[in-house]
Amino acid sequence: MSAPRFLLLIALATLVALTGLSLLPQDRYQRFAEAATESKHYLRIKWIYERIHFDETPIDVAFIGTSHTQSAVDSRIVEAALRARGQDVHVVNFAVPHLGRDLHWLLVRELLTSRRVRELVVEVQDFEPRAPHPAFQRLGSVGDLVESPLIVNTGFFDNLARLPRRQLDLFMPAMAGRSAFVFSPRGYEGPHWDDTERLHGFDQQRTGTHPAAYLDEQAELLRTALHDKERLAGRLRLPSGCSVLKHYNRIYLDSLLNLARERGVHVTFLYLPFFRGPEQPLEAALYEPYGPIVKPQGVLDDVTSWLNVDHLNVSGARRTSQWLGDNLAVAAPGRPLPAIAAPCS
Amino acid sequence: MLFNSYIFLLGFAPVALIGFFLLGRLNARFAAGWLAAMSIVFYGWWNPRYVPILLLSIAINFLFGRLIDACRADQAVRRKLLLVVAVTIDLTALAYFKYADFLIVNLDALTGLDLALAHVVLPLGISFYTFTQLAYLVDTYRNKATEKDVLHYILFVTYFPHLIAGPIIHHKDVMPQFAKPATYRFDRDRFAIGMVFLILGLFKKCFLADGVAAYAGPVFDAAEHGQALTAWQAWGGALAYTFQLYFDFSGYSDMAVGLSLMLNVKLPFNFDSPYKATSISDFWKRWHISLSTFLRDYVYIPLGGNRSGEGRRLRNLMLTMLIGGLWHGAGWTFVIWGGLHGLYLVINHRWSALRGRIGGPAGRIEVVAGSLLTFFAVVIAWVFFRATSFQGATTMLSGMAGLNAGGSSTASVFAGTRDALIQTWTWCVALFTVTTLLPNSQQFVARWVSDRPSIGVEVRDTGAATWVRPGAGLALALGGLAALALMNLSRPSEFLYFNF
C-alpha cells in the first residue's frame, strides 16, 4: 500500500472510531448526574434533573441564572411570600454557576418539555457573555453539540473533542450494569435546593460582610472592565447585545425566549449586578420586548447585603427573596404574551 | 505548546510543515528561517518572557563558537580559555535559573543565615537547550562541529521537535541534514513513517501514561502527607509511576522523532526498551539515550573515564550519575536518585569483573534474574525521583518493605475509589507485559520500513526511507490507537520531562 493510501486509511479509521464512540448511547439523567460529580459547583445539576423528572411537585415559577441567582434566591421564601399575597404557586431555583445562555436554553428545554410552567425568571447581568457555558459540553446531547452555532463559538471544537471520551465514560458503567446513577428518593434533596445559607459541598456559612470601601474598590475594577467592554461595543458600531462576538449566546437566548413563548410561558428578567453596579443592564433593550426587568434596588444598595463584590450573603439573599415574593408579578394562567419585535433581528 | 494538544496537532504543526515545504521549493534558506521562526513561536507559546533568555543564550554560544572556531592552530590556550568562559557562562545561567533557591535553602541550613529566596522561575527547556549548546561548544573545540551561519545555529538550538524535552542533539548529527536540498522536498514515505511514530507517541502519552498516572499520583501524595501505605498500595503506586514516566517520556520522544521525520530530518532514538535491560549498565544504554551519551562524552570521559585505574573509574561513574541526578532537578531527592544509580553502576561493574573471572556464558536463569533485579533497582530509585521530599520517599519505601501491616484504607488513599487498587495492578501488569515482551516503537516501525527511520547515536544516513507494503490491518490498528489518543486529548497534561 502506498504511503498516501496508508495515511488516508489511518485518517478514516480514526474518524470512524471517534464517530462511533460519539454515538454510544446513554441517558440524560446519567449525563446530569455525572456532571454533578465533576465539581462541587455543579452538585445541584443532578438535583435539577431530579426535580424536573422525578418530583411531581408543580413548578410554577422557575429561576434560571448563575451563581448570582443561586446565592440570592431562596425559593422557599419567594414561595411563602407569593402565597401570602394569595398566589398558590411553587417556586424553584434552577441557577447554576457561570453565565452561558447555551446551558440556560438546555435547562429551559428540559423543563418546558416536561413541565407546565407559568413564569420564567431569567437572570441578566451587565453584558451578555461571549463564551459557552462549561457545563454545556457535559449536559448537551450529541445533536446539541454538533448543531451548535459555529460562528464565534469558542467552544465548538473543544466540545466535539470531548464528546467521544464523555460518551465512553458514560457508556462503560452502564454496559457493565453498575451505573451509580439510579434515582433514589432517599438521596433526593426535595423540592427546594437552597444554597443561600451555605453552598452545598462547602463548609463556609455565607454570612460575611465587607466594609463599603473594600467593596467599592473591587467594584471599581469591574466598572473599568465594563467601561472597556462598552467602548469596544461602541467601536464595533452595534448595539452591544447584537455584536457578532456574542452571536453564539444571542442565538441561545433567542431560542430560550422563543421556546418560552411557544409554551405560553411569561418571562421576567432579574437584574443582579455587582455592588453599586449600573442602574440597568447595558443591554436592556434586548430584554425589554420579552418581559419586565426587575431589580431589588434597596437590597443591592445596602452594603451589609454583600458577601463579596458580586454575590449576596445570606441576609441579602433573604431580603432579595422576600422582595421578589412581594413584587414578582406571576402571570395568571392563560394571560396573553406581549407582542415583540426583537431589536437585533 | 504541547505536542498533545489540538492547537499543536491541528494548527501549529500543519502550518509549520506546509510553510516549510512550500518555502523549500523556492529557497532552502527561507524554509530554514521559517522553521526557526516557527520554533520560536512554539517556545514562546507558554510564556513569551522566556524567548529573550533563549535568544540571548543562543547569541552568546554562537559568538563563542565562532571565536573558538576562529582560533589558529597555535592558539590552543586561547581556544581552551574561550571554551572555559563559555561553559562557565552557560552553567552559571543554568545554576541561577535552576538551582538558586536550592543553594540558598542549603546555605541557610548550613550557616544559619536567613537569606531570602530568589523565587526564580525556571525557563522552559533550559536544561535541554543548555546541554545541547554545551555539546556544540565542546564539539567545536574538538573540531567536530562548526557553524558559521547564525540562522542555521538558531535552527539547530530551537528546532521545535527537540527543543523542550530533547532528545539532546549534536550539531554534527543534525545540521548536515539541513544542508541537503532533499530535506526541503516533501517525501511522502518519510511523512507516513513520521506519522506512525507520532501516533505511537500520542498513544503512549495520552492513553498509557496519562491513564496510569491517575494511580501513581494519589499514592505519592498520600506518602507525602505521611499516610502509612500497605505494600500493595506502595508497590502499586511506585510501579504505576515507573510506567507513567516511561510512556510519558518515550511517547514524547517518539512524537519528536516522528514530527522531525515528517520534516525529513532524522533525530536519534531516545529509548530502546529500558525495562528489558539485563543490567543497570544495559539500562543506561536504553533509557534517555541522548542524556546518558551526553554524560558519558562530556562528563565521564573528561573526568578521566576508565583511564586511571578501577578506583578512579568508579569515582567518575559515581560523580557522573550525581551530576545527572542534579541535572534533573534542584532537590536532594534527585541527588539521591543519581547517587543510587551511581552505586548500582559501581556494583554492576564490580559484579561484571567478578563474573568475568568465573567465566562461561550467562544462562537463561541468570539473564532473567539480572533483568528482574535491574527492574527492581530502577523502581526503588524512581521513588526518590518522584517523591517531593525525603520523608515522602521513605514513607513509600517503608510501605514497599511491608513495614505498615495495617496501612491506610484504599478509599482514603484514592479519595473514595475503593476498586482503585485493583485497577492500579491491572494497569501495572498490562504495562509490564507491554514493556518487557512487546517490541518498542522503532522495532515496530522497522517491520514496515526498509530504512532506519531515525538516526542512532551515531548518524547513519542511509537515504530515503521506503515502505515495505504495510497492510490495511496496520492502518486500521493505527487509526484505532490514534482515536484512543485523541479521545484523551481534550484534557492535555504536561510532559513530565518539561520540568527538568
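The legends below walk through several close-up views of a predicted model.

**View 1. Chain B meets chain A.**
Let us start where the two chains touch. On one side, 25 residues of chain B are in contact with 19 residues of chain A. Together the chains bury about 1,900 Å² between them, and 73% of that area lies on carbon and sulfur atoms. Salt bridges between chain B and chain A number 0, while 2 residue pairs are in polar contact, both at pLDDT 80 or more. Which elements of chain B give two or more residues to the side that touches chain A? They are helix H8 (188-224) and helix H19 (472-487) of chain B. H19(B) gives the most, with 10 residues.

**View 2. An open sheet in chain A.**
Here we turn to the strands of chain A. In chain A, 5 strands form an open sheet in the order S2-S1-S3-S4-S5, and the pairing is parallel. Strand S2 (91-93) and S5 of chain A stand at the edges with a single partner strand each, so one side of each is left without a neighbour in the sheet. Strands of a sheet pair through backbone hydrogen bonds, either parallel or antiparallel. Further in, strand S1 (residues 61-64) of chain A runs parallel to S3(A), joined to it by 4 bridges. To find this pairing in the view, look for A:Phe63, which stands opposite A:Val121 in S3(A).

Is strand S4 (residues 266-271) of chain A mostly covered or mostly uncovered? S4(A) is mostly covered, with 6 of its 6 residues buried. A:His266, A:Thr268 and A:Leu270 point one way from the strand, whereas A:Val267, A:Phe269 and A:Tyr271 point the other way, and all are buried. With strand S3 (residues 119-124) of chain A, S4(A) pairs in the parallel sense over 6 bridges. A handy landmark for this pairing is A:Glu119, which stands opposite A:His266 in S4(A). Strand S5 (residues 293-294) of chain A also runs parallel to S4(A), and 2 bridges join them. In this second pairing, A:Leu270 has A:Val294 in S5(A) as its bridge partner.

A:Arg44 forms a salt bridge with A:Asp195, and the closest N and O atoms are 3.0 Å apart. A:Arg44 lies in helix H3 (residues 43-53) of chain A and A:Asp195 in the loop between helix H9 (156-175) and helix H10 (212-235) of chain A, so the pair ties together parts that are 151 residues apart in sequence. A:Arg44 counts as buried because its relative accessibility is 1%, below the 20% cut-off. A:Asp195 is buried too, at 2% relative accessibility.

Over all chains, the count comes to 31 salt bridges. One of them joins the side chains of A:Asp55 and A:Arg51, at 4.0 Å from N to O. Both A:Asp55 and A:Arg51 are buried. Another salt bridge is formed by A:Asp216 with A:Arg223, whose closest N and O atoms are 3.9 Å apart. Here A:Asp216 counts as partly exposed at 26% relative accessibility, and A:Arg223 is partly exposed with a relative accessible area of 27%. Salt bridges that share partners join A:Asp216, A:Glu220, A:Arg223 and A:Arg276 into one network.

**View 3. Helix H15 of chain B and its cover.**
Back in chain B, we look at helix H15 (residues 390-400). The buried residues of H15(B) are B:Gly392, B:Ala393, B:Thr395, B:Met396, B:Ser398, B:Gly399 and B:Met400. What covers them includes H8, helix H9 (231-262) and helix H14 (364-386) of chain B. Just after H15(B), B:Gly402 takes a positive phi of about 75°.

Our last stop is B:Thr320, which sits in helix H12 (residues 309-328) of chain B. Is B:Thr320 buried or exposed? With a relative accessible area of 5%, B:Thr320 is buried. Leaving aside residues up to four places away in sequence, B:Thr320 touches B:Leu295, B:Val299, B:Tyr300 and B:Leu303.

Note on methods. Residues numbered from 1 in each chain as written. Chains lettered and ligands numbered in written order. Predicted model: local features only at pLDDT ≥ 70, side-chain atom pairs only at ≥ 80, totals over all residues. Heavy atoms only, no water. Contact = heavy atoms within 4.5 Å. Buried area = accessible area lost by both parts, 1.4 Å probe. Polar contact = N/O pair within 3.5 Å; in protein donor to acceptor, adjacent residues only side chain to side chain. Buried < 20%, exposed > 50% of the residue type's maximum accessible area, 1.4 Å probe, protein only. Pairing = 2+ DSSP bridges.
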